[in-house]
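Have a look at the fold first, and then we can go through its parts together.

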Amino acid sequence: MERSPNTGGYRRFWRSGAVIVPAVFAFLCITLIVMFLSGCAPRVSYSVRTLYTDPNLSPRALSNADIAVLPLLTSRGPLSEGPLGSGVLVRKLRDLRPDLRFVSYEEFDGAFPPRFNRRGIADFYGKLFRQEVLSVKNMDSLWVHVAQPYILVYTLWDGADIKNVDESIFKHVTLICELWRRDGREVVWRASVKGVSDDGRMADGELLASSMRFLAESIPFSAPEYGRESW
């Protein structure tokens, strides 16, 4: 994270121009007070909220389809290092949700032909981050090469390190997660998570990766196709 001008003890590293609104600050304070009074360990809390679910989302379709997990999108581009690395993240998600078939973004990227303009993929990521839904839907030359029926898009919406008067630090992040369906080029599920930790030793990547896992756990549960049930 980096220190931005005129923000006192705040250190931001994501969406430019983002501010901590009173409601978010109140959420942070209440969460930390509860953690302090309860003496919980580790000192971290996550709050997940489902924002949208397509009523036509088929559990059986999810159980039989690959879901490409894209790298965490930020204002500075994708983050994919350490605990946010594609291989590490996908393995964790598969353990959490064995009913779903997660694949790495390398597989997503590798489905594009060698002569495909790679800047198109970077432009795709940028439009997803900026929530330019219509522009994303109209990227015909890209969608035709998407091999997976679904893609999971994580966006870092806001986050900061906040220094208290006693020099202690607590962190907060807000992530948005969207499940896109290739057919129709539409979002079929959306959720958000707020992660808060007053453990200054917790690395930024750990808080982000844990938040991403909590979001994946909230994806609607799938069901096997008829004739392929486990006995």
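Strand E8 and strand E9 (residues 169-181) pair in the antiparallel sense over 13 bridges; two strands count as paired if DSSP finds at least two bridges between them. Within this pairing, aspartate 158 stands opposite threonine 174 in E9. Helices (H or I, at least four residues) and strands (E, at least two) are DSSP runs, numbered from the N terminus.

Before going further, a word on conventions: this is a predicted model, in which local features need pLDDT of at least 70 and side-chain atom pairs count only at pLDDT 80 or more, while totals for chains, interfaces and linings use all residues. Residues are numbered from 1 along each chain as its sequence is written, and side-chain values use heavy atoms, with hydrogens and water left out.

**The strands around E8**

E8 also has a parallel partner: 3 bridges join E8 to strand E4 (residues 66-69). Here alanine 68 stands opposite isoleucine 151 in E8. How many residues of strand E8 (residues 150-163) are buried? The count is 12 of 14, so this strand is largely enclosed by the rest of the structure. Buried means under 20% relative accessible area, exposed means over 50%, and partly exposed lies in between (1.4 Å probe, protein chains only).

**Two nonpolar cores**

A nonpolar core is a set of buried Ala, Val, Leu, Ile, Met, Phe, Trp, Tyr and Cys residues joined through side-chain atoms within 4.5 Å. The largest one has 33 residues, and those with the most contacts inside it are Phe102, Leu152, Tyr154, Leu175 and Leu179. At least two residues of this core come from each of E4, helix H3 (86-96), E8, E9, strand E10 (186-197) and H8. H8 gives the most, with 6 residues.

Leucine 152 shows what such a position looks like. Leaving aside neighbours within four places in sequence, leucine 152 is in contact (heavy atoms within 4.5 Å) with Ile67, Ala68, Val69, Leu70, Phe102, Cys177, Glu178, Leu179 and Ile219. There is also a second, separate core of 22 residues, which includes Leu70, Phe112, Tyr125 and Phe129.

Leucine 207 is found in helix H8 (residues 204-217). With a relative accessible area of 1%, leucine 207 is buried. Beyond its neighbours within four places in sequence, its contacts include Val44, Tyr46, Lys171, His172 and Met202. Leucine 207 and proline 83 are 124 residues apart in sequence, yet their C-alpha atoms are 9.5 Å apart in space.

Helix H5 (residues 119-129) is mostly covered, with 8 of its 11 residues buried. Among them are Ile121, Phe124, Leu128 and Phe129. Apart from neighbours within four places in sequence, lysine 127 is in contact with Glu132, Ser135, Val136 and Met139. Just after H5, glutamine 131 takes a positive phi of about 60 degrees.

**Salt bridges**

Side chains of opposite charge can pair when their charged atoms come close. A salt bridge is a side-chain nitrogen of Lys or Arg within 4 Å of a carboxyl oxygen of Asp or Glu. By this rule the count comes to 12 salt bridges. Three of these pairs are set out below.

| Pair | Closest N and O atoms |
|---|---|
| Arginine 118 and aspartate 109 | 2.5 Å |
| Aspartate 140 and arginine 185 | 2.5 Å |
| Arginine 182 and aspartate 183 | 3.7 Å |

Aspartate 140 lies in helix H7 (residues 140-143) and arginine 185 in the loop between E9 and E10, so this pair ties together parts that are 45 residues apart in sequence. Aspartate 140 is partly exposed at a relative accessible area of 47%, and arginine 185 is partly exposed at 22%. Arginine 118 is partly exposed too, at 35%, as is aspartate 109 at 26%. In the remaining pair, arginine 182 is partly exposed at 25%, whereas aspartate 183 is exposed at 55%. Elsewhere, Asp54, Arg181 and Glu186 are linked in a network of salt bridges.

**The chain as a whole**

The secondary structure comes to 8 helices and 10 strands. Of the 231 residues, 45% count as buried. Among contacts between residues at least 6 apart in sequence, 72% join residues at least 24 apart.
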